[in-house]
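Me: I am new to this structure and would like a friendly tour in questions and answers. Could you show it and then walk me through it?

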Amino acid sequence: MMVGMLLSPAASPAVAERIGVDSFFFVKRHAVYLIPTLVVLIAVSFLNPTQARRLCALVLVGSLLLMVATLLIGLEVKGSRRWLNLAGFSVQPSEFLKPAFVVICAWLFAENAKRPDVPGHLFAVILLAMVVVLLVAQPDLGQTILVVTAWGCLLFMAGLSWRWILAMGGAGVAGLVSAYLFF
């Protein structure tokens with residue numbers, strides 16, 4: 001957070017001046033948002049694993065619903081609908097989705113490893129498909145690549161065979177080529 005605070009003055013004054021606000025508008029805003037961020041960071045650090053999973057499940061469901069709402073009533077900027085205006089704040093639901101998605105997928109893979117009767121891999125694939133469809137519909141290819149890469153790393157860490165790794169790598173290359181051709 002402090003590195004972000006140090007880098008904000010380097011990147012934001014030109015943008016602030018271009019949109020007609022104080023040169024340090026974004027720096028000040030960043031500093032103000034650090035306070036609630038620290039409160040959330042400390043509060044979440046006290047959760048036990050079960051509470052963290054439950055919180056992540058709620059955040060994931062809420063983020064998925066907000067992403068659907070974004071497609072319907074979101075603000076369109078340069079052909080993409082990624083942002084919602086909620087109570088005077090602009091919110092990008094995919095930013096809340098990412099950490100919750102990683103925690104839930106990691107839990108699904110771990111449950112599948114502990115208890116093979118639990119179809120954790122199948123649920124993780126279904127969850128990935130839902131998230132990718134919503135991200136591509138916005139379209140937000142950067143977030144899509146990030147989510148798919150994180151999911152692939154989790155799957156690799158869950159003990160994926162080399163055959164599947166190569167197949168998924170090929171599918172990833174095909175997906176990147178398709179994204180380039182269609183977007």
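Reply: Gladly, and one definition comes first: buried means under 20% relative accessible area, exposed over 50%, and partly exposed in between, with a 1.4 Å probe and protein chains only. This is a predicted model, where local features need pLDDT of at least 70, side-chain atom pairs count only at pLDDT 80 or more, and totals for chains, interfaces and linings use all residues. Residues are numbered from 1 along each chain as its sequence is written, and side-chain values use heavy atoms, with hydrogens and water left out.

Me: Is phenylalanine 25 buried, exposed or partly exposed?
Reply: The class follows from the relative accessible area, with partly exposed lying between the two cut-offs. Phenylalanine 25 has a value of 32%, so the residue is partly exposed.

Me: How many helices and strands does the protein have?
Reply: Helices (H or I, at least four residues) and strands (E, at least two) are DSSP runs, numbered from the N terminus. Along the sequence the pattern reads α-α-α-β-β-β-α-α-α-α. That gives seven helices and three strands.

Me: How many disulfides does the structure hold, and why?
Reply: A disulfide is a pair of cysteine sulfur atoms within 2.5 Å. The sulfur of cysteine 56 has its closest cysteine sulfur in cysteine 105, 11 Å away, so this is too far for a bond. For cysteine 153 the closest cysteine sulfur is also in cysteine 105, at 12 Å, again too far for a bond. The number of disulfides is zero.

Me: Which element gives the largest share of the lining of the largest pocket?
Reply: A pocket, on a 1 Å grid over the protein atoms alone, is an open set of points where a 1.4 Å probe fits, with protein on both sides within 12 Å along at least five of seven lines; lining residues have an atom within 4 Å of a point. The largest pocket is lined by 26 residues, with Tyr33, Trp83, Ser90, Glu95 and Phe96 nearest its centre. Two or more lining residues come from each of helix 2 (25–45), helix 3 (49–73), strand 3 (89–91) and helix 4 (93–114). The largest share, nine residues, comes from helix 2.

Me: Where is proline 139, which has a cis peptide bond with glutamine 138?
Reply: In general, most peptide bonds are trans. The bond joining glutamine 138 and proline 139 is cis, with omega about -20 degrees. Proline 139 sits in the loop between helix 5 (120–137) and helix 6 (141–157).
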